[in-house]
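Biologist: Before we discuss the assignments, please show the sequence and the structure.

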Amino acid sequence: MLLRLLLTLALIGALTWLWRNRRRQAPPAKPTEPSGEPMLRCAHCGLYIPQHLALTSGASSYCSQAHLQKGPSHSER
Ligand SMILES: [Zn+2]
């Protein structure tokens with residue numbers, strides 16, 4: 001009787017462990033999580049863009065090739 005109880009508990013424990021493991025192995029794909037990656041500000045239009053998308057020229061970053069060619073904006077301030 002006691003052995004059966006222990007086996008049942010062990011089974012429940014194993015199933016719980018498997019369930020947790022499966023949940024951990026299948027993480028939901030998070031769309032554009034702002035974790036870690038620095039955001040850079042376009043020197044022309046002020047748009048914030050992830051570092052891997054930004055175009056850098058010298059010390060300035062730009063959101064697009066067009067803004068990179070236009071250079072930093074002096075109108076804002
Ligand atoms: Zn821009």
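**Assignments and their criteria**

Modeller: Apart from neighbours within four places in sequence, methionine 39 is in contact with Tyr48, Ile49 and Pro50; two residues are in contact if their C-beta atoms, placed from the backbone, lie within 7 Å. This is a predicted model, in which local features need pLDDT of at least 70, side-chain atom pairs count only at pLDDT 80 or more, and totals for chains, interfaces and linings use all residues. Residues are numbered from 1 along each chain as its sequence is written.

Biologist: Why is methionine 39 called partly exposed?

Modeller: A residue is buried if 20 or more other C-beta atoms lie within 10 Å of its own, exposed if 12 or fewer, and partly exposed in between, with C-beta atoms placed from the backbone. Methionine 39 has 13 other C-beta atoms within 10 Å, and is therefore partly exposed. This residue lies in strand β1 (residues 39-41).

Biologist: What makes proline 50 exposed?

Modeller: Proline 50 has 12 other C-beta atoms within 10 Å, so it is exposed. It belongs to strand β2 (residues 48-50). Proline 50 touches Glu37 and Met39, not counting residues up to four places away in sequence.

Biologist: How do you know that the span of α1 agrees with expectation?

Modeller: The expected span of a helix is 1.5 Å times one less than its number of residues. For the 24 residues of α1 this gives 34 Å, and the end C-alpha atoms are 34 Å apart, so the two agree. Helices (H or I, at least four residues) and strands (E, at least two) are DSSP runs, numbered from the N terminus.

Biologist: What makes α1 hardly covered?

Modeller: The count of buried residues among its 24 residues is zero. Across the 77 residues of the protein chain, 12% count as buried.

Biologist: Which residues make up the largest nonpolar core?

Modeller: The six residues are Leu40, Cys42, Ala43, Ala54, Tyr62 and Cys63. A nonpolar core is a set of buried Ala, Val, Leu, Ile, Met, Phe, Trp, Tyr and Cys residues joined through C-beta atoms within 7 Å. Leaving aside neighbours within four places in sequence, leucine 40 is in contact with Ile49, Gln51, Ala54 and Ser61.
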